Amino acid sequence: MGRWVGQIVELCMVLVEAIQRYVLAAGKLHGDDTTVPVLTPGNQKTTTGRFWVYVRDDRRSGSTEPAAVWFTYSSDRKGVHPQTHLANFKGILQADAYAGFDQLYASGDVFEAACWDHARRYIFDVHERTPTPDTQKLLEMIGELYSIEADIRGKPPDERLRVRQEKSKPLLNTFESTIRAKLGTLSKKSTLTGAINYSLNHWTALTFYCEDGRAEISNVLAENALRCVALGRNNAQLQIMRSYSLSKSAMRVADAIRRDSRFGELRIITATQGTGGCGPVVDSDGSSLPVAESCSALAASS
C-alpha cells in the first residue's frame, strides 16, 4: 500500500508544482502554519511536524482570478522553511507575527500585513476575564474597523483604499492614541499592558492595509484553509498507525518522508473557485484549464 501511495505522489507532482507556481505568482499571499503528528518509524510514536499554508485569493478586492491553496510540510518550525518557500516571492504577505518571516520583510521585496484578529484576541481575552469600560471601548472600535471592511468587500483596490483612508485611518489614529494613553496608567505586569503592547509593537504591519487596497484587515483566509488539517489531525494519525501496522511498505514510505530523501517535502494541494467545490486546475501561466484536459496539458508543459 505504501508503494502505491508513493506512485500516486509521483504522478501528482506535476499538478502540485503547477499550483505552487500559480499561488506564488500572486501579488499578495496569506500564510500560516499548524502542527501535525508524524509517525516515527520503528517505535510507533509520533513527533510534531508542521504544515505551512499559502493562499492566493483576491476576490475580496474584486479579482476574478481563481483562488488556490498550497500546503507544504516541514519537520520543524524553523524560519528557514518559509524563507525557502517564499524566496522568489515579491508582494504582500498577510501573516501573524512569526519571527521566521522577518528575514523576508528585511529584504524589501515582501511587505508585512498583520492580522487584526490576533490583536483583537489579546484584548478580548483580557475583557473576558476582567471586563472594564476601557476594554469594551477598544473592542467596539475594532468592531467598527471590521464593519467598514464588510461594506467594501468585493470592491476594487482603489475604492477600498479610498474608503479606508477616509474612514478607517482616522479611527486607527484614535485607537492608537487611546491605547497609548491607557498604557501610561497601567502596571507593566498588567495583562492589558501585554495586549496593548502587542498592537503597538506591530502597529505598522497592523495598519498596512490602509496603505494598499489589496491587503486585508485579517489573515482569516489562511486560518480557514488550515481547518481541514485541524479537523483531520487525529484521524490522520490513526490512519497512519493502521497503515504502519499493516504494511512494511508504509513504514518505508514514512521513513523516506521523514528523511526527506525520496520525496523531499510532502505537499497537499487544493484549488477552489467560488464559494464551494473544485475549480479548474491552472497552468504555469495562470490560465485555467478544463478538468478533462488538465493532466495532459500540464504534463506536456512540464
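This is a predicted model: local features need pLDDT of at least 70, side-chain atom pairs count only at pLDDT 80 or more; totals for chains, interfaces and linings use all residues.
**View 1. Helix α7 and its surroundings.** Helix α7 spans residues 191-201. Its buried residues are Leu192, Thr193, Ala195, Ile196, Tyr198, Ser199 and Leu200. These buried positions pack against four helices, namely α4 (116-129), α5 (133-152), α6 (157-183) and α8 (203-206). The N-terminal end of α7 is capped by serine 190, with a side-chain oxygen 3.2 Å from the backbone nitrogen of leucine 192.

**View 2. The contact of helices α5 and α6.** The axes of α5 and α6 lie 10 Å apart, and the two helices pack at an angle of about 170 degrees. Because angles over 145 degrees count as roughly antiparallel, α5 and α6 are described as roughly antiparallel to each other. The contact residues comprise 11 nonpolar, 3 polar and 8 charged. On the α5 side, they include Leu138, Met141, Ile142, Leu145 and Ile148, together with charged residues such as Asp134, Lys137, Glu144 and Glu149.

**View 3. Serine 218 in the loop between α8 and α9.** Serine 218 is located in the loop that lies between α8 and α9 (220-225). With a relative accessible area of 5%, serine 218 is buried, since that term applies under 20%. The side chain of serine 218 reaches the backbone nitrogen of valine 220 at 3.3 Å. Leaving aside residues up to four places away in sequence, serine 218 touches His30, Gln94, Cys115, Trp116, Asp117 and Tyr146.

Methods. Residues are numbered from 1 along each chain as its sequence is written. Side-chain values use heavy atoms; hydrogens and water are left out. Buried means under 20% relative accessible area, exposed over 50%, partly exposed in between (1.4 Å probe, protein chains only). Contact means heavy atoms within 4.5 Å. A polar contact is a pair of N or O atoms within 3.5 Å; within protein, one must be able to donate a hydrogen and the other to accept it, and residues adjacent in sequence count only if both atoms are side-chain atoms. Axes are lines fitted to C-alpha atoms, for helices over the stretch in contact, and angles run from 0 to 180 degrees between N-to-C directions. Angles under 35 degrees count as roughly parallel, over 145 as roughly antiparallel, 65 to 115 as roughly perpendicular and the rest as oblique.
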